[in-house]
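Colleague: Could you walk me through how the packing terms for this model are assigned? I would like to see each label set against its definition.

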Amino acid sequence: MANPLVSIKRRDFLRATAAAGGILATSHFWWGPDLLAQGSDDKKTTAKRGGKCKQVILLWMEGAPSQLDTFDPKPNSKDTGSPWKALDTDTPGFTPVENLPNMAKMAKDICVIRSLNSKEGNHSRGSYLLHTGYIPNPTLKHPSLGSIVSHQLGKKDFDLPNFVKLRGGPFGAGYLGVENNPFVISNPGARIENLDYAGGVDKARMDKRMKLVDEMEKDFARQRGAEAVEAHKAMYEKARRLMDSPLKSKFYIADEPDEVKKAYGSGKFAESCIIARRLIEAGVACIEVVLGGWDTHDDNFVRTKRLCGEFDQPMAALLADLKKRGLLETTLVVWMGEFGRTPRISATEGRDHWPNNFCAVLAGGGVKGNQVIGETDERGMTITKDPVGVQDLFWTFASLMGWDTAKEFEAGNRPVWLTDKTAGKPIDKVLG
Amino acid sequence: MSPSVRSVVAFALLTLTALCGVLALEGEEPLQAQRKSETRAETEAMGKDWTRARDFLDETLRAKRKAAKMPLAERCTDAEFIRRAYLDILGRIPSREEVKTWLIPDLTTPEGQEFARLKSHQRREKLIEALLASPEYAESWARTWAITLIGREADATYRNMLQEWLQGQFAQNRPFDKLVYDLVTASGSSENNKAIGYIISFENDRPALTGITSKVFLGKQIQCAQCHKHPYEEITTDDFFGVQNFFKFTDTRMTQQAEKGLPAIYEARDRSLPPNAELLKRALTEEGKAVLPKFLFGETYKLDPANPPRKALAAWMTSPDNVYFREMTVNRYMARFLGVGFVHPVDDFNSNNTPSHPEVLDRMAREFVASGFDLKYLIRMICNSEAYNLSSVPKKAGAKYSEDRATYSRAMVRRLSPEQVVFSVMRAIGAGDFGSKNNRDRRDQVLAYILQSFNYAYSDDEGSRDIDDYSGSIPQALMMLNGRLLNDGTDLGQDNTLKRIITESGNDKLRGGLDAVNYIIEEIFLATLGRPPEKWEASRMKKHVEGESDRHKAFEDIFWALLNTTEFATNH
């Protein structure tokens, strides 16, 4: 029952502060989150402001990659069933599976976390958690990592979208507003749908057409108020700017030198990694690249070997390429999926869902490389050292990039923050 | 329920209340409790004549506006009303033929002559009745409700199943309480009960099922209590799990994979209940703590094999005495038709977010229940109201949108949903034969293709179950600018509305005194914006035609441009 003693009326408070600033907080047509955001409260700031990291590439392993067949192999345990050897490196604890020879060579630049854990063993819930740092809540959409980066580090005056997603999938900006939504390229490398002028229409004809539109818009706004057309107009202007931008070529790899293409290897994921690097150079704040197929309930070894082959060379090449171009210091690269897989092999040579312990790989953007965080027991069943929660990971991102974690947003009717105030803290070892 | 039975129920409740020494359970209030402002006769007439509730709505809104000194917008034009009603009731704009039918009665027929004699509000009432009687009403509302219930990102199999079932329900105007009861309690195989589409879409994610069910049907956002006490409501994690545990014994699964073009088969089943209270408690114990099913702010469920938990929850939810359910439903329909509900956001009723017009919400909700949870009765109340008939142009220039909105002083400018855009564009360009039965398969194929590409463009609206709340995005704009649907739809090399207009313009009789260019421009406006052009618009478009060497290209430009205006992209 409503408590009559609750004296702080959240909405009234928000309305009053907004009105004082002359802002229409209740308007249907607000464009951008800043109108609803409250000012920072320094006392609440826990993440360090102004990190080194300016851009992010998220390599999303969709379906939940097996930790045992990638970065936390247990060659001495029979239960896990894995036929793989582990590779030795100079980095203590870093013994990737033999199917990752290129990544093994990148040891100096990467930080492997072997002790990530959560309670979410269902794909949609786990993906949500690892994308947003919050457990799912059907009545509220939290922004995904890319959208937060777009909001916090994205350029205001820019031809390209600040968050590009190579291959589809859900998870968008939530309360951060449409301009931080991912621009989704469902088939990376191919011509992007609707980005070019339609047949029979060139720029001159489009300009004439838009002139007619603009005159109609003006009249509509004159009668019904400017806010009625603002969102529509802003969206069209951004779309046209993108259509006419020379940066559009960054979405394709045709003009990339052959030796670069060769270094990344072949396949969609390799191509996507090149596009990601090109977009980093162009200044896009976050690119998410998706590699699907990790839900290995059966035939685990054949499938994980193939998948390792798909990401090992491109990811290593991406890190080396960024480093060579001096971009790795300011670009965080994250490799992860929604959870891990059962250490015990099933009758169908498969591994089922296992959120109890799984891996993530971080590199660049101020991450201290050449280290492994966390440890699991010999059978891979239990975390024996430095457990890392998903919220810890997000607090770490916040620190690396200096997110404004004190800023309070309003989603629906309730206050909400970029990182979960009730759980987690930055992982000191990652920050170095 | 007859009045005498009702008073017995009311009496029983009163007795119970007296016995317990507390007020009636939160959320339960006998429907027939007479309000101070009402006479006995008024209370008893409820649900039988929507005009009384409509009048009450009009009068109360007027009084509130007067108190707030808010000037009232003009009544909207008939053309505006026709477009608005088509969009709201059928989910698409009217074709130019339909606009003309309702705007310019055909005086050569007796029906047309009779229609011409009607007053404006009577014509509008007739239009509303005609739209409610159309099969498209069921189709459109099934689509809308499926999205509200399971979202756009849900698997197409679930959505198709749910949509098909809902369409049947809306086609027979099934009482809403019964419809919701069936949805919440649905079980069996997808082969014979498509209503399970709702439950199975959650794939055993019970917290989500609980959160959505509570939010959509009761307007109570209890989800955050899943992890911690609600920030400003007295809702605890136990309350949340209390509701969730009504679903504890329900499982869903796929029983047969899709193959050879046949869809997968799913089922929803309830496990048998523990035989006694002690074992029930044990079955519901997690981490050392038992949380029994408990109605929101209400009593704890008592084990009864004849009344299993899910049925008990559905019965409680849809009871005529459940204030949450009836007020939430009315609020949703108010928001859908008028752009804002008495409670806003539409499904967030809480002590810090109380109704702007509680007395009207109360009255309309009780009328709705007394009508037998008749959704068409509710729509009649709203669509025939003064507020729904207002222009979206404010009375005074520079009026504050939020103030107009809070007092219903003008019609709101509402963005069309992706589905409304698709069906409206198709209607405007004349794509697909919507009337003929033979074309259904072909039509469904075309629709599936178009909706898929729109879904791509609108994919970032994922999770937006609030169907009236869009702000648009770059892919959407790109689709409207460069997409095939619009460009082919306005290309005179294709068969489309524009081509038909050009052909007609060669026929003197059809032009009715207009020259060909003026005729074409006027028809383009009717086809896209559902109204004839203003004087300045007609001359501006004429100027564009005269400035182009290729007239046909100029007409294509005009048709295309009007489809890309805010006026087209909104319901105003």
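Modeller: Happy to. Axes are lines fitted to C-alpha atoms, for helices over the stretch in contact, and angles run from 0 to 180 degrees between N-to-C directions. This is a predicted model, in which local features need pLDDT of at least 70 and side-chain atom pairs count only at pLDDT 80 or more, while totals for chains, interfaces and linings use all residues. Residues are numbered from 1 along each chain as its sequence is written, with chains lettered from A and ligands numbered from 1 in the order in which they are written.

Colleague: Why is helix 8 of chain B called oblique to helix 9 of chain B?

Modeller: The axes of helix 8 (residues 135-150) and helix 9 (residues 156-171) of chain B come within 8 Å and cross at roughly 135°. Angles under 35 degrees count as roughly parallel, over 145 as roughly antiparallel, 65 to 115 as roughly perpendicular and the rest as oblique, so helix 8 of chain B is oblique to helix 9 of chain B. Helices here are DSSP runs of H or I with at least four residues, strands are E runs of at least two, and both are numbered from the N terminus.

Colleague: What makes residues of these two helices count as meeting?

Modeller: Two residues are in contact if their C-beta atoms, placed from the backbone, lie within 7 Å. Among the residues that meet are B:Trp141 and B:Trp145 in helix 8 of chain B, and B:Leu162 and B:Phe170 in helix 9 of chain B. The residues of this contact of helix 8 with helix 9 of chain B divide into 14 nonpolar, two polar and three charged. Nonpolar means Ala, Val, Leu, Ile, Met, Phe, Trp, Tyr, Cys and Pro, charged means Asp, Glu, Lys and Arg, and the others, Gly among them, are polar.

Colleague: And why is helix 5 of chain A oblique to helix 28 of chain B?

Modeller: Helix 5 (residues 203-224) of chain A and helix 28 (residues 551-563) of chain B have axes that come within 9 Å and cross at roughly 50°. That makes helix 5 of chain A oblique to helix 28 of chain B. A:Lys208, A:Arg209, A:Leu212 and A:Val213 meet B:Asp557, B:Ile558, B:Trp560 and B:Ala561 there, with five nonpolar, no polar and three charged residues.

Colleague: How do you know that strand 2 and strand 3 of chain B pair?

Modeller: Pairing requires DSSP to find at least two bridges between two strands. Strand 2 (residues 250-256) of chain B and strand 3 of chain B have six, in the antiparallel sense. B:Thr252 stands opposite B:Ala268 in strand 3 of chain B. Strand 1 (residues 188-189) of chain B also pairs with strand 3 (residues 265-270) of chain B, antiparallel over two bridges.
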